[in-house]
Amino acid sequence: MKLRRDGVTWREIDGEMVILDLKTSKYLTTNRAGTTLVRLLAEDRSTGDLTDALVTEFGISTDQAAGDVATFVDSLEQRGLLQDAAL
């Protein structure tokens, strides 16, 4: 999975990411963990890749990181911000 490129733009401001969906004119802001995940989702990533990144960067348990990744990915999916890597 990765962030949809068509009609989506993002910018990092003071360690937080602002994602703007140009099709819906809705935006999403993230915390530091979300910023890490958005950076990674510029390229195709698995949930395992994202989980490992949170464990490494924030020193949290794998279970906690996996839960945080699942919540974040679900939020992006509900907003239509993710696409399959093959697209």
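**Salt bridges and a sheet: notes for a colleague**

1. Let's start with Glu43: its relative accessible area is 46%, which makes this residue partly exposed. Keep in mind as you look around that this is a predicted model.

2. What does Glu43 pair with? Its partner in a salt bridge is Arg5, and the closest N and O atoms sit 3.8 Å apart. That is inside the 4 Å limit for a salt bridge, so the pair counts. Glu43 belongs to the loop between α1 (32-40) and α2 (47-58), while Arg5 belongs to the loop between β1 and β2, so the pair ties together parts that are 38 residues apart in sequence. Arg5 is partly exposed too, at 47% relative accessible area.

3. How many salt bridges does the rule give here? The count comes to four.

4. Another of these joins the side chains of Arg4 and Asp21, at 2.9 Å from N to O. This pair also links distant parts of the chain, with Arg4 in the loop between β1 (2-3) and β2 (8-13) and Asp21 in strand β3 (residues 16-21), 17 residues apart. Are the two residues buried or exposed? Arg4 has 13% relative accessibility, so it counts as buried. Asp21 has a relative accessible area of 5%, so Asp21 is buried as well. The cut-off to remember is that buried means under 20%.

5. Next up is the pair Arg39 and Glu12, a salt bridge whose closest N and O atoms are 2.8 Å apart. Arg39 sits in helix α1 and Glu12 in strand β2, 27 residues apart, so distant parts of the chain are linked here too. Arg39 is partly exposed at 44% relative accessibility, and Glu12 is partly exposed at 38%.

6. Now have a look at the sheet. Three strands make it up, in the order β2-β3-β4; it is an open sheet with antiparallel pairing. The edges are taken by β2 and β4 (26-29), each with a single partner strand, so one side of each has no neighbour in the sheet. On average, neighbouring strands are turned by 20 degrees against each other, direction ignored.

7. Which strand does β2 join through six bridges? That would be β3, and the two run antiparallel. Glu12, the salt-bridge partner of Arg39, has Met17 in β3 as its bridge partner. Helix α1 packs on this sheet and touches β2 and β3, its direction making about 55 degrees with that of β3.

Terms used. Residues are numbered from 1 along each chain as its sequence is written. This is a predicted model: local features need pLDDT of at least 70, side-chain atom pairs count only at pLDDT 80 or more; totals for chains, interfaces and linings use all residues. Side-chain values use heavy atoms; hydrogens and water are left out. Helices (H or I, at least four residues) and strands (E, at least two) are DSSP runs, numbered from the N terminus. Buried means under 20% relative accessible area, exposed over 50%, partly exposed in between (1.4 Å probe, protein chains only). Two strands pair if DSSP finds at least two bridges between them. Axes are lines fitted to C-alpha atoms, for helices over the stretch in contact, and angles run from 0 to 180 degrees between N-to-C directions. Contact means heavy atoms within 4.5 Å.
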